[in-house]
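Please go through them with the structure open.

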Amino acid sequence: MTFQPDLTLDEARSIIDRALAKARELKQAGAFVIVDAGGNLVSASRIGEGPPSAVWISRAKAYVSAVQRAPSTRAATSWGERAAIFSSMQRLMREEIFPGPGAMPIRKDGRVVGALSTGGGVGPWTEVPGIDASQLMVDGKPANVEDLVIAHALQIGYENQHPQVERSVGPRWEERSDGLPHSLASARALADRAIAAARAKGNRISVAVVDEGGQLMQMDRMDGAQPMGPDLAEAKAVTALNWQRPTLDLGKTFPMDRANEIREIIHFKVLMGGGGVPVTQDGMVVGAVGVHGGGGDLSDEFARAAVGA
């Protein structure tokens, strides 16, 4: 029997695509994160106009929903009323957690196989400038943007996770698309090329794409790839961006004692070795791709395939 995870990357991407479509329809910008039943990241996408913190918050909420097997609002309500319990959960859980609504379990055949979350830029708005009120209605009753997007993405009935919100006017965003990694469409294209190159050689990788500021735009873990892969891929991408050089070259030439010294100073995680490649345009570094999986040389090959190097 051929192994297939309970929640595949293709399934995760399809759910996120529906979330993105609804968010764009309602002129919203934020991040959507999907984790598997163990809370491990499968896929994440951020509309560039959304705050960078949206990915971190979404991932923390998705983790809570997946491992608690419940909407994150349930934990948020319980922990909000009992600070000591929340403090204990922070210490016990192996991932960062966030006590807020906005994440829902993903179910298949009655079982929880993961969770979807949104956060930052997509909120419980009941009004959005320029959006007709009828678009924010369910069964003739007012609804909020965040829960509408989640329901549409998961193809489930609308469930209000913000009953305390009676009226909230949210921001309106216009998404840009200019061929650079700070555009989600461009970041997705880079990730897809890395995945295609790995698939052609029978490898399973994780890939991360960051923009010129090191902000995460797209992250994916192929079926069967190591659960830790997305975090390592992001570290390679950010390293390549900041040094403006491929991480394979850095790993071969940069003195280890110097690297350790720098790690004590800078505010991001450094990972050298194959897999991190800058994205350049007109001689400028405009982003980076990080790949983990397949070994140093192969990771580098897949990252270079993404950027056309």
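1. Basis. This is a predicted model, where local features need pLDDT of at least 70, side-chain atom pairs count only at pLDDT 80 or more, and totals for chains, interfaces and linings use all residues. Numbering starts from 1 along each chain as its sequence is written, and side-chain values use heavy atoms, without hydrogens and water.

2. Helix geometry. Helix α6 (residues 184-200) packs on helix α10 (residues 296-307) at about 135 degrees, with the axes 7 Å apart. That makes α6 oblique to α10. Oblique is what remains after roughly parallel (under 35 degrees), roughly antiparallel (over 145) and roughly perpendicular (65 to 115). Helices here are DSSP runs (H or I, at least four residues), numbered from the N terminus.

3. Helix contact. On the α6 side are Leu190, Arg193, Ala194, Ala197 and Ala198; on the α10 side, Phe302, Ala305, Ala306 and Val307. Contact means heavy atoms within 4.5 Å. The contact residues are eight nonpolar, no polar and one charged. Ala, Val, Leu, Ile, Met, Phe, Trp, Tyr, Cys and Pro count as nonpolar, Asp, Glu, Lys and Arg as charged, and the others, Gly among them, as polar.

4. Cavity size. The structure holds one cavity of 30 Å³ or more. The largest cavity has a volume of about 50 Å³. A cavity is a set of points on a 1 Å grid where a 1.4 Å probe fits but cannot get out. Volume is the space filled by probe spheres set on the points.

5. Cavity lining. Which helix gives the largest share of the lining? Helix α5 (residues 145-154) does, with three residues. Lining residues (an atom within 4 Å of a point) include Met104, Asp147, Tyr158 and Gln161. The lining divides into five nonpolar, two polar and two charged residues.

Note on methods:
Axes are lines fitted to C-alpha atoms, for helices over the stretch in contact, and angles run from 0 to 180 degrees between N-to-C directions. Helices (H or I, at least four residues) and strands (E, at least two) are DSSP runs, numbered from the N terminus. On a 1 Å grid over the protein atoms alone, a cavity is a set of points where a 1.4 Å probe fits but cannot get out, and a pocket is an open set with protein on both sides within 12 Å along at least five of seven lines; lining residues have an atom within 4 Å of a point.
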